[in-house]
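Let us walk through this structure together, one part at a time. Please keep the sequence and the 3D view open beside the text.

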Amino acid sequence: MKKPETIFVCQSCGHQSRKWLGKCSECGEWNSLIEERAQATRKGAGRSGFKLREVAAVAYSEIESQDEARVSSGVTEFDRVLGGGIVPGTLVLIGGDPGIGKSTLLLQVADKLSANEGAVLYVSGEESERQIKLRGERLGIGAKNLYLLPETNLENIFHEVERLNPTAIVVDSIQTVFSAMIESAPGSVSQVREAAHQFLLLAKNRTIPIFLIGHITKDGSIAGPKALEHVVDTVLYFEGERHHNHRIVRAVKNRFGAANEIGIFEMTGSGLVPVANPSQMFLQERPQNVAGSVVTACMEGTRPLLVEIQALVSKTKYGTGRRMTQGVDQNRVALLMAMLERRVGVELLGDDVFVNIAGGLEVDEPAVDLGVVAAIASSFRNTPIDAQTAVFGEVGLTGEVRATTQAVVRAREAQALGFKTIIMPSSNTSGLERMLGLRAVGVRSVEEALDALF
Ligand code: TYD
Ligand code: MG
């Protein structure tokens, strides 16, 4: 008898190999290759069984625009991350740490959708109907048109979809779903990829939205192949930690909207509640008249957000100073500190320097550079920055302050939250003061900025 053929599949990138390797030759991940049964080609599916089928290209000009077709999920911030509502026929993948609120958010969305659009199917391979109902009661959900299906077999799920004809489907989670057509274990790359692909076809064929919940690995990416992110239309991640009350959902990929858009929620006793004014929330606990704290205006997707940057500079107890950052890129901060030493003469060599974005937000925009520099300088000089002053601007290696995008939007947000002065790139200031009625101080270099601040 012929031995069944096996292949080794990298669980991180999906790369296949004939023999076992300690390190994946494709993505470089260690110990990620797992033995799987090679997939038998189904009868008639091979090349020889191929039959020509009539296909016809459609003229671009004849295709109707679909923009109005978006459907509201009933949860404002969720609509926002998706780019302004749900596009029918879209496949959305939602990842995040265990216990961060994935199931909670989607149960809320499923409830709202079932009330406004029609039957919604919630497939759960992780919890029983009772457990989901218990959560639903906590959320105050009384949905009549919401159907729960504790099932993990793909074929059974599809069968039920045929019968129920839902207007939206939630799958909690994609790692638990397996197809009987494939012999690999549930949760393996082949299974996850096949299941996701089947759901994609289902979403397109029925033009209904399907939401897949995905587990994430220790390093924070969605478990299973990176390829999964290529299959789906939209990838959303829950960001930040569970220690905060607020939850941030970020679109890292979106075929139908701006990537990097974020939705901000507060976790309450009765589920996730959209935060109406995020800037206000992030500045809530800001200390007054303390050295090392400054407010900067950054853009998250299409929305401006004011955040507090904190820096602490203190004499080191060891030979060389420690550098730690949270919420900003450590290398970027190292670069800005080197610039500060060389151009402005702020000697940090013998100091520990800590930089933190208050509230657990992560920003990776060059426009926060000036804020980081101002916070470090403020702590170094032990001089507080005026509480009604905000700063933003990109800083270059020679200490020059460069223009940023969306300067008006940022300044307007600062004004809306009661800031009186804004220190910003001089090339961005034209006409701003007259337009907004706040003091816009244009600076060309870090030195000028520090002069204006202190
Ligand atoms: P859950 O949605 O089960 O997380 P995930 O599906 O991402 O693993 O969220 C569970 C957490 O949320 C749990 O720690 C309790 C908390 N929670 C609330 O604070 N309020 C609520 O109304 C609900 C339903 C959950
Ligand atoms: Mg869950």
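What follows is a short tour of the domains, the ligand site and a few local details.

This is a predicted model, in which local features need pLDDT of at least 70, side-chain atom pairs count only at pLDDT 80 or more, and totals for chains, interfaces and linings use all residues. Residues are numbered from 1 along each chain as its sequence is written, chains are lettered from A and ligands numbered from 1 in the order in which they are written, and side-chain values use heavy atoms, with hydrogens and water left out.

Let us begin with the overall layout. The protein is assigned domain 1 (6-37), domain 2 (69-276) and domain 3 (281-453); such bounds come from an automatic or database domain assignment. Between the C-alpha centres of domain 2 and domain 3 there are 37 Å.

Now look at where domain 2 and domain 3 meet. Here 17 residues of domain 2 are in contact with 11 residues of domain 3, contact meaning heavy atoms within 4.5 Å. About 1,100 Å² is buried between domain 2 and domain 3, and carbon and sulfur atoms give 53% of that area. Buried area is the accessible area (1.4 Å probe) that two parts lose on being put together, summed over both. On the side of domain 2, the residues that lose the most area to domain 3 are His-246, Ile-262 and Ile-264, together 30% of what that side buries.

Two salt bridges are counted between domain 2 and domain 3, where a salt bridge is a side-chain nitrogen of Lys or Arg within 4 Å of a carboxyl oxygen of Asp or Glu. Elsewhere in the tour you will meet Glu-160, which forms a salt bridge with Arg-163, their closest N and O atoms being 2.8 Å apart. Glu-160 and Arg-163 are separated by about one helical turn because they are three residues apart in helix α4 (residues 154-164). Helices (H or I, at least four residues) and strands (E, at least two) are DSSP runs, numbered from the N terminus.

Next, turn to ligand 1. Which residues come nearest to ligand 1? Of the 16 residues around it, they are Gly-99, Ser-103, Thr-104, Arg-135 and Gly-271; a residue counts as near if one of its heavy atoms lies within 4 Å of the molecule or strand. Ser-103 places a polar side-chain atom 2.6 Å from an oxygen atom of ligand 1, and a polar backbone atom of Gly-271 is 2.7 Å from an oxygen atom of ligand 1. An N or O atom in the side chain of Arg-138 lies 3.3 Å from a nitrogen atom of ligand 1. For polar contacts, the rule asks for a pair of N or O atoms within 3.5 Å; within protein, one must be able to donate a hydrogen and the other to accept it, and residues adjacent in sequence count only if both atoms are side-chain atoms.

Finally, some backbone details. Most residues other than glycine have a negative phi, and most peptide bonds are trans. Asp-172 and Ser-173 are joined by a cis peptide bond, with omega about 0 degrees. Ser-173 sits in the loop between β7 (168-172) and α5 (189-206). Thr-207 has a positive phi, near 40 degrees, and lies in the loop between α5 and β8 (210-214).
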